[in-house]
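The sequence and the structure come first.

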Amino acid sequence: MCSAEGSRKEPLATSDTPTGQVPATERVELQVDGVAMVRLLGPQDRLLTTIEREFPAVEVLVRGNEISLTGEGSQVQAARRLVEELVNMVKNGTDLGPVDVASSARILERDGSPSELLGQPILTSRGKAIRPKTMGQRTYVDAIDEHTIVFGIGPAGTGKTYLAMAKAVQALQRKEVTRIILSRPAIEAGERLGFLPGTLTDKIDPYLRPLYDALNEMMDPELVPKLLASGTVEVAPLAYMRGRTLNDSFIVLDEAQNTTPEQMKMFLTRLGFNSKMVVTGDITQVDLPAGASGLQLVTRVLSDIDDIHFARLTSEDVVRHSLVGRIVDAYTKYDAEQQARRFERETRPEQEGANRAERRGRAPQDRQPRTSRRWER
């Protein structure tokens, strides 16, 4: 149980306070019962640090199972709501991380309920619950439930492929489909496929390894080989999809930014009856040697078709190390600056040419145009 034991206001002087005035300070004490504090605060109080980072104007003190919040009134009340939501999530079996705390704070700002939006697991494997951790991920997962084809577009670490595969395993367990098909284009990132050692299968297998790893996390590792052998689960390069019709299947295409427009069209037209497709990719990491990315083109071609949804994830949805989100933002800013410089370089010669043409076509200002004396008479 989490309850407010007391609340009182005290003066608090800040640098923004006008001379002679002090804003009201509020103090709230929360008694947390029935929850291990280490689950709420995290190892080495990491989650407590995240709460303080979200509300820098609030001082948070913990003594035993009592949490004291002191600071500006509205910030204290916001921090109180966050702590109460986190307690509810822990009681419901959610293992909290720093991402959950930050996401919950943003959801509360929009008058949502983090325990309802983020607390619903997709599936549980070996005691680990797989669920959305951000608002963007929840929207993405809901779109998979509601649409036949979903495109998950976003930077690395936003859970595009992981959540899609979790939904695929869930659909197989619920007998909504009879098989799972996972595919990737075999495009090298700065290396040449032909120089890798081994047979064709040996060369292609490393490209598909992330899909196998995710399967082993979500399913019993002893069951996965049997499902692969029976064809219930299939992991194959994109090139093997041509000529097939995929019925009663949950199909996931990963790294779709490395498909050509022709490959994307071929893949999407494999869709059969009672099937779902999820296409994931990051349009900022295209490894194609030349030509347009099929994922970039499809956002314009299919944007107005019903039952097709484009879910766009951002750096706010990154659930890896906190540095990953900042790295994504830094590269996005750099790419925008480079594009602006490129545009300026391309338009400058045209503008200079137009200015020269305008100067050549204008009569001198300091004297009248010449006329022949023959016609002056």
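Which strands does helix α6 lie across, and at what angle does it run to β11? Helix α6 (residues 135-146) lies across β7, β10 (249-253), β11 (276-281) and β12, and its direction is about 150° to that of β11. Contact here means heavy atoms within 4.5 Å. Axes are lines fitted to C-alpha atoms, for helices over the stretch in contact, and angles run from 0 to 180 degrees between N-to-C directions. Helices (H or I, at least four residues) and strands (E, at least two) are DSSP runs, numbered from the N terminus.

The model is predicted: local features need pLDDT of at least 70, side-chain atom pairs count only at pLDDT 80 or more, and totals for chains, interfaces and linings use all residues. Residues are numbered from 1 along each chain as its sequence is written, and side-chain values use heavy atoms, with hydrogens and water left out.

**The sheet**

An open sheet is built from six strands in the order β9-β8-β10-β11-β7-β12, with parallel pairing. Two strands count as paired if DSSP finds at least two bridges between them. The edges are β9 (233-237) and β12 (308-312); each has a single partner strand, so one side of each lacks a neighbour in the sheet. From one strand to the next the twist averages 15°.

Strand β7 (residues 149-153) is joined to β12 by five bridges, and Ile153 stands opposite Arg312 in β12. β7 also pairs with β11 in the parallel sense, again over five bridges; there the bridge partner of Val150 is Val278 in β11. Between β10 and β11 there are four bridges, also parallel, with Phe250 opposite Lys276 in β11.

How many of the six residues of β11 are buried? Five of them are, so that strand is mostly covered, where buried means under 20% relative accessible area, exposed over 50%, and partly exposed in between (1.4 Å probe, protein chains only).

**Loop residues**

Ala156 is found in the loop between β7 and α7 (160-173) and is partly exposed, at 27% relative accessibility. Its C-alpha atom is separated by 9.6 Å from that of Thr284, although the two residues are 128 apart along the chain.

Thr94 lies in the loop between α3 (73-91) and α4 (98-109). Thr94 is buried, at 4% relative accessibility. Leaving aside residues up to four places away in sequence, Thr94 touches Arg39, Met89, Gly119 and Arg131.

Most residues other than glycine have a negative phi. Asp248, in the loop between β9 and β10, has a positive phi near 50°. At 30% relative accessibility, Asp248 is partly exposed. Asn274, in the loop between α10 (261-268) and β11, is likewise not a glycine and has a positive phi of about 55°.

**Salt bridges**

Side chains of opposite charge can pair when their charged atoms come close. A salt bridge is taken as a side-chain nitrogen of Lys or Arg within 4 Å of a carboxyl oxygen of Asp or Glu. The whole structure holds 10 salt bridges, including those in the table.

| Pair | N to O distance |
|---|---|
| Lys167 and Asp145 | 2.7 Å |
| Arg184 and Asp254 | 2.7 Å |
| Arg184 and Glu255 | 3.4 Å |

Lys167 lies in helix α7 and Asp145 in helix α6, so this pair ties together parts that are 22 residues apart in sequence. Lys167 is buried, with a relative accessible area of 5%, whereas Asp145 is partly exposed at 45%.

Arg184 takes part in a salt bridge with Asp254 and in another with Glu255. Glu255 lies in the loop between β10 and α10 and Arg184 in strand β8, so their pairing ties together parts 71 residues apart in sequence. Glu255 is partly exposed, at 27% relative accessibility. Arg184 is buried, with a relative accessible area of 13%. Elsewhere, salt bridges that share partners join Asp100, Arg131 and Lys133 into one network.

**A surface patch**

Leu323, Ile327 and Tyr331 form a nonpolar patch on the surface, with about 320 Å² of accessible area together. Patches are made of residues with over 30% relative accessible area and no salt bridge; like charges are joined within 9 Å, and nonpolar side chains (Val, Leu, Ile, Met, Phe, Trp, Tyr) within 5 Å. Accessible areas come from the Shrake-Rupley method with a 1.4 Å probe, and for residues only the protein chains shown count as cover. Ile327 lies in helix α12 (residues 322-361) and is partly exposed, with a relative accessible area of 45%.
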